[in-house]
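Visitor: I would like a close look at a single part of this model. Please keep it brisk and give the cut-offs as you go.

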Amino acid sequence: MTSVAETPSRAAGPTVVHVPVSDPRVRPLLRELGHEYSTRYGRDAHAEIARYPDEEFTPPHGGLLLLLLEHGEPVAGGAFRRRDATTAELKRIWTHSAHRRIYLTTGPRQPEARGLYLSTGYTPLFDTRADPETIGPLPFEKHLPLTTSPGKATDL
């Protein structure tokens, strides 16, 4: 894992970094979460984000905030805080709106799963005319819609 002081190489693949909430790279996470909270719940997102003090997401308080960087830019992140002596609570889970998709695979002998994924809008990442036994695990992906208001979604 990259420490807070290290700067990952832009040429490297995705990198996970542990950062404080005050790190400038956390701003996209907070901005997009704020927008989503306000859009979905119709209230000031600042109150929801401020409900938990930033220090609760630091190791001395039993918490942690992680970012996934791609080419040095944040594309996903999340945190946990100590809820009690034996429980961690996941908070501020985020994926950049330009990166929201699902990737999954199923075995070549799972025609029911293959049919379910195809009928629910997953895109096959394999030749559907080929014998599944010659492919191995069958990969699918699906872009998740970005909700702009209750009951209305927009594809990414």
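Which residues of the largest nonpolar core touch the most other members?

Guide: First, the ground rules. This is a predicted model, where local features need pLDDT of at least 70, side-chain atom pairs count only at pLDDT 80 or more, and totals for chains, interfaces and linings use all residues. Residues are numbered from 1 along each chain as its sequence is written, and side-chain values use heavy atoms, with hydrogens and water left out.

Now the core. Val17, Val19, Val26, Leu29, Phe57, Leu65 and Leu67 touch the most other members, out of 13 residues in the largest nonpolar core. A nonpolar core is a set of buried Ala, Val, Leu, Ile, Met, Phe, Trp, Tyr and Cys residues joined through side-chain atoms within 4.5 Å. Buried means under 20% relative accessible area, exposed over 50%, partly exposed in between (1.4 Å probe, protein chains only). The largest share, 3 residues, comes from β2. Helices (H or I, at least four residues) and strands (E, at least two) are DSSP runs, numbered from the N terminus. Apart from this core lies another, of 7 residues, among them Leu104, Ala113, Tyr122 and Leu138. In soluble globular proteins, nonpolar side chains tend to be buried together.

Take Phe57. Beyond four places in sequence, its contacts (heavy atoms within 4.5 Å) include Val21, Tyr52, Leu65, Ala79 and Phe80. Two of these residues also meet in the sheet: Leu65 has Ala79 in β3 as its bridge partner. Strands β2 (residues 64-70) and β3 (residues 73-84) pair in the antiparallel sense over 7 bridges; pairing needs at least two bridges found by DSSP.

The open sheet has 4 strands, in the order β1-β2-β3-β4, with antiparallel pairing. β1 (15-18) and β4 (87-95) are the edges; each has a single partner strand, so one side of each lacks a neighbour in the sheet. From one strand to the next, the twist averages 20°. Helix α1 lies across β2, β3 and β4, at about 85° to β4. Axes are lines fitted to C-alpha atoms, for helices over the stretch in contact, and angles run from 0 to 180 degrees between N-to-C directions.

Helix α1 (residues 27-41) also holds Glu32. Glu32 is buried, at 16% relative accessible area. Its side chain makes a polar contact of 2.9 Å with that of Trp94. Such a contact is a pair of N or O atoms within 3.5 Å; within protein, one must be able to donate a hydrogen and the other to accept it, and residues adjacent in sequence count only if both atoms are side-chain atoms.
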